[in-house]
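Subject: Structure handover and what turned up in it

Hello,

Here is the structure you asked about. Please open it next to this message and follow along.

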Amino acid sequence: MASPATFHVNDATDVYYLPDKMGVVSKVVCKKGVSQSDPAYYTLTNTWDSLSTTYGKLSPRLTQSVAVDALTGVRSQTSYTYDAWDFPTESRTSRSLSGHGYQYEKHRLTYQHSNSASKYVLGSVTVDATTQNLDSDTEYQWKEKTMTTLDALFRPVSKKYYKGKCYCPSDDPFFEASDSTRLTGETKWTYDSHGNVLTEKSAP
């Protein structure tokens, strides 16, 4: 009687880098199968710019990511934009839902920066907003937003949380509707002269 055939299942992840752009990751390929020729079940492809800093040092920024999940049939594409200080200000993601339309998501960040000699603070987030909608319901979108108020020393003195369904008067899937969300919570802080937190109050 012949011996049963034996197969060895390989689980491999191949990562590709861009040596001319500080070694950033350009592609990730995940495979599981009996040979290297088996198709990938997950692929991530990244696109980077060629930004150079004021001093000429290469500092590439991620501008687009495309992820393909063969197991779920979902393909996600995300693009990124940045402010003058190279902080990410917006990401836009579209997901194909394997024959069930598209889901769109926009994540927006607003910052407060100070580059004075007496107060060098970069990247303090004051607005963090996310909107989501489906192409089957472009008239409305779901929105969540956090607004932070900072004092003169860039410490948070209040943080307000909003969420709700908003009417969207545009066919642009990434259009951000005017706020009709409701306030769902708030946190306030006070500080002593040494910068220690004196009080923290939250509601509800």
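Below are the findings, starting with the sheet and ending with the cysteines.

One thing before you start: this is a predicted model.

**The sheet**

The strands form an open sheet of 12. Their order is S1-S2-S3-S4-S5-S6-S7-S8-S9-S10-S11-S12, and the pairing is antiparallel. S1 and S12 are the edge strands, and each of them pairs on one side only. From one strand to the next, the twist averages 10°. As background, strands in a sheet pair through backbone hydrogen bonds, in either a parallel or an antiparallel way.

Strand S8 covers residues 120-134 and is joined to S9 by six bridges. The two run antiparallel. To find this pairing on screen, go to Thr-130, which stands opposite Glu-144 in S9.

S9 then pairs with S10 over 11 bridges, again in the antiparallel sense. Here the residues to look for are Tyr-140 and, opposite it in S10, Tyr-167. S9 and S10 make a hairpin, with five residues between them.

Phe-154 is in that turn. Its loop runs between strand S9 (140-150) and strand S10 (156-167). Phi of Phe-154 is near 65°, a positive value in a residue other than glycine. Most residues other than glycine have a negative phi. Is Phe-154 buried or exposed? Its relative accessibility is 12%, so Phe-154 counts as buried.

**Met-22**

Met-22 also has a positive phi, near 65°. This residue sits in the loop between strand S1 (10-18) and strand S2 (24-33).

**Pro-39**

Pro-39 is in the loop between S2 and strand S3 (40-48). Its relative accessible area is 65%, so Pro-39 is exposed. Pro-39 and Ala-70 are 31 residues apart in sequence. In space, their C-alpha atoms are 9.1 Å apart.

**The S11-S12 end**

Strand S11 (residues 182-191) is joined to S12 by six bridges, and the two run antiparallel. Glu-186 has Ala-203 in S12 as its bridge partner. The peptide bond from Ala-203 to Pro-204 is cis, with omega near 0°. Most peptide bonds are trans. Where is Pro-204 found? Pro-204 is in the segment after strand S12 (197-203).

**Cysteines**

How many disulfides does a search of the whole structure find? It finds zero. Cys-166 is in no disulfide, and the nearest cysteine sulfur to it is that of Cys-168, 8.9 Å away. The cut-off for a disulfide is a pair of sulfur atoms within 2.5 Å.

Both cysteines are also buried. Cys-166 counts as buried because its relative accessibility is 0%. Cys-168 has a relative accessible area of 7%, so Cys-168 is buried. The cut-off here is under 20%.

**Where to click**

For a quick tour, start with Phe-154 in the turn of the S9-S10 hairpin. Then go to the cis peptide bond from Ala-203 to Pro-204.

Best wishes

Definitions and conventions. Residues are numbered from 1 along each chain as its sequence is written. This is a predicted model: local features need pLDDT of at least 70, side-chain atom pairs count only at pLDDT 80 or more; totals for chains, interfaces and linings use all residues. Side-chain values use heavy atoms; hydrogens and water are left out. Buried means under 20% relative accessible area, exposed over 50%, partly exposed in between (1.4 Å probe, protein chains only). Helices (H or I, at least four residues) and strands (E, at least two) are DSSP runs, numbered from the N terminus. Two strands pair if DSSP finds at least two bridges between them. Axes are lines fitted to C-alpha atoms, for helices over the stretch in contact, and angles run from 0 to 180 degrees between N-to-C directions.
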